[in-house]
Amino acid sequence: MQENYIKIKDITDMAITEEQGFKLRAEINKVIENNNKIILDFTGIQLFTTTFFSASIGYFILKYSPKECKDRFILTNLSRAGAHAYQCSFEYAEYCFLTPL
């Protein structure tokens, strides 16, 4: 299986705003249909918010499923703060996915 590699630093210097999350979402959209793993490399990114992750990966959790996103997305070089922000965003998106309206 081939992998898709996206270096976040090539897209944005920080992982804070919704707009920055939308930029990552656009890059993911270019490769998500090929059903391969998507490696997101956070080397050099120090600032994170759940807003960024919700606007980027959270969108795909709601569109596909939490399980599919866990299986397909690989986050590398993510600081402890980044991992915490991602986990909070993931859990909220998962809750929304699993909770009927």
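## Basis of the values

In this predicted model, local features need pLDDT of at least 70 and side-chain atom pairs count only at pLDDT 80 or more, whereas totals for chains, interfaces and linings use all residues. Residues are numbered from 1 along each chain as its sequence is written, and side-chain values use heavy atoms, with hydrogens and water left out.

Rings of Phe, Tyr and Trp (its six-membered ring) pair if their centres lie within 6.5 Å; planes under 30 degrees apart are stacked, over 60 edge-to-face, and the rest tilted. The count by this rule is nine aromatic pairs. One of them, Phe48 with Phe53, is stacked, at 6.2 Å centre to centre and 5° between the planes. Phe53 also pairs edge-to-face with Phe52, at 5.2 Å and 75°.

Phe48 is buried (under 20% relative accessible area; exposed is over 50%, partly exposed in between, with a 1.4 Å probe and protein chains only), at 14%. Phe53 is buried at 1%, and Phe52 at 0%.

## Charge over a ring

Arg25 lies over the face of Tyr59, 4.0 Å from the ring centre. The criterion is NZ of Lys or CZ of Arg within 6 Å of the ring centre and within 35 degrees of the ring normal.

## Positive phi

Most residues other than glycine have a negative phi. Asn35, however, has a positive phi of about 65°; Asn35 is partly exposed, at 48% relative accessible area. Asn77 likewise has a positive phi, near 55°.
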